[in-house]
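Please look through the sequence and the structure shown here before reading on.

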Amino acid sequence: MNERQEIEAAISAWNSGLDNGDIEAMVATCHENTITVNESQPVTVGIQAIRDKYIPRINAAEISSGYDIETLQFFGDVAVVSGRFYGTMKMRDTGEIKSPEGRLVLVYKRDDSGAWKMILDIDNNGPQ
């Protein structure tokens, strides 16, 4: 597997965890001090903060998510991804279907085992 495929696999593992309601699969793709900077929300740091942010979302909706990589650059053991995210959320309480989409920047760093772990997640919602 080449480096691009490894990054795609890490992103897909996050999305699969999200779509299947498996928060531990999501955080397994992250560095212990991952920084998340999501639109209209406080900056958070760490795996527990990711759990606290995403468990309510997972409990509230059936989620299907996707992404497109527009640029991917490697700087030694750091990878910077920019692109877009999209998906659907069927709200469990109302049946309403939401279609979040927006732009993202993800930064990954190889850990001591050689695995790519997310260290930064920045996104914003809205038109492309």
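In the hairpin of β3 and β4, where two residues lie between the strands, G76 takes a positive phi near 65°. Strands here are DSSP runs (E, at least two residues), numbered from the N terminus. This is a predicted model, in which local features need pLDDT of at least 70 and side-chain atom pairs count only at pLDDT 80 or more, while totals for chains, interfaces and linings use all residues. Residues are numbered from 1 along each chain as its sequence is written, and side-chain values use heavy atoms, with hydrogens and water left out.

With β5, residues 97–98, β4 runs antiparallel and is joined by two bridges, and the bridge partner of K90 in β5 is I97. These two strands form a hairpin with five residues between them, and G95 in the turn has a positive phi of about 80°.

Returning to β3, this strand holds A61, which counts as buried because its relative accessibility is 3%, buried meaning under 20% relative accessible area (1.4 Å probe, protein chains only). Leaving aside residues up to four places away in sequence, A61 touches M89, K90, M91 and R92, contact meaning heavy atoms within 4.5 Å. A61 and M89 are 28 residues apart in sequence and 5.6 Å apart in space, C-alpha to C-alpha.

Note on methods: Pairing = 2+ DSSP bridges. Helix = DSSP H or I, 4+ residues; strand = E, 2+ residues; numbered from the N terminus. Buried < 20%, exposed > 50% of the residue type's maximum accessible area, 1.4 Å probe, protein only.
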